[in-house]
Amino acid sequence: MRVLLIEDEPDLAAGLANGLRRDGCALDLAADGRSGLHMAQEINYDLIVLDIMLPDLDGWEVLRRLRAVSSPVPVLMLTARDTVPDRVRGLDMGADDYLVKPCDMTEFLARVRALIRRAAGKPSPVLEAGTVRINLATRQVEQEGKPIELTAREFSLLACFALHRGEVVTRTQLYEQLYDAMEDTLSNLIDVHVFNLRRKLGREIILTRRGEGYILP
């Protein structure tokens with residue numbers, strides 16, 4: 001899943017970015033509100049993590065402009081402003097969650113996963129596809145009750161298919177979901193990961209729609 005982090009504190013941004021990447025997210029980072037808003041308008045993110053006290057445009061204005069154009073992307077406000085009026089203001093302006101920093105990394109990541117699942121219409125952390133069970137919280141996969149070892153990228157790809165089960169997902173969409181702007185990727189990398197998932201889980205787990213993309217039936 002692809003996340004945009006808009007945060008101007010370098011050390012905090014680096015720590016959150018590392019945690020998100022370890023949790024399987026592709027991560028783009030903006031250090032000010034104006035560039036963050038531009039990125040949010042140009043790229044389809046699964047979630048935006050938004051600070052309030054930012055250079056150029058503050059988080060309130062970024063959020064206001066996103067919701068003014070009916071952007072559906074979930075927004076998690078992560079800020080040192082901890083008063084009840086600030087929380088109420090953020091939620092009433094259209095934020096989906098509000099977390100005060102400093103925060104525990106495990107709680108932060110759990111909220112990120114929950115928001116992404118809910119936005120995809122999948123409130124449960126456990127998704128099923130035939131005999132395959134995918135636990136988005138623990139990042140474990142089982143088939144007929146037996147654990148299946150996947151690489152981090154294979155898991156992220158399978159989770160993406162599961163969150164969009166029944167929908168055709170194009171290669172372009174998959175690249176946007178799995179790789180951030182700083183990563184260099186080979187043109188056939190998605191095909192390689194799909195091949196490996198089929199080898200581990202069976203050929204029918206992911207179907208190819210020629211000229212369109214892939215689908216998890």
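Arginine 111 is partly exposed, with a relative accessible area of 25%, where partly exposed lies between buried, under 20% relative accessible area, and exposed, over 50% (1.4 Å probe, protein chains only). This is a predicted model, in which local features need pLDDT of at least 70 and side-chain atom pairs count only at pLDDT 80 or more, while totals for chains, interfaces and linings use all residues. Residues are numbered from 1 along each chain as its sequence is written, and side-chain values use heavy atoms, with hydrogens and water left out.

Arginine 111 takes part in a salt bridge with aspartate 97, a salt bridge being a side-chain nitrogen of Lys or Arg within 4 Å of a carboxyl oxygen of Asp or Glu. That pair links distant parts of the chain, since aspartate 97 belongs to strand β5 (residues 97-100) and arginine 111 to helix α5, 14 residues apart; helices (H or I, at least four residues) and strands (E, at least two) are DSSP runs numbered from the N terminus. Aspartate 97 is buried, at 15% relative accessible area. Arginine 111 also forms a salt bridge with glutamate 107, and both of these residues lie in helix α5, four residues apart, about one turn of the helix.

Glutamate 154 and lysine 200 meet in a further salt bridge. Glutamate 154 lies in helix α6 and lysine 200 in helix α8 (residues 189-201), so the pair ties together parts that are 46 residues apart in sequence. Glutamate 154 is buried, with a relative accessible area of 3%, whereas lysine 200 is partly exposed at 24%. The structure holds 14 salt bridges, including these:

| Salt bridge | N to O distance |
|---|---|
| Aspartate 97 and arginine 111 | 2.9 Å |
| Glutamate 107 and arginine 111 | 2.7 Å |
| Glutamate 154 and lysine 200 | 2.7 Å |

Turning to the cysteines, a search of the whole structure finds zero disulfides, a disulfide being a pair of cysteine sulfur atoms within 2.5 Å. Cysteine 25 is in no disulfide, and the nearest cysteine sulfur, that of cysteine 160, is 11 Å away. Cysteine 25 is buried, with a relative accessible area of 11%, and cysteine 160 is likewise buried, at 1%.

As for confidence, the mean pLDDT of the chain is 91, and 97% of its residues reach 70 or more, pLDDT being the predictor's confidence in each residue, from 0 to 100. Among the elements of the chain, α7 has the lowest mean pLDDT (84), and strand β3 (residues 47-50) has the highest (97).
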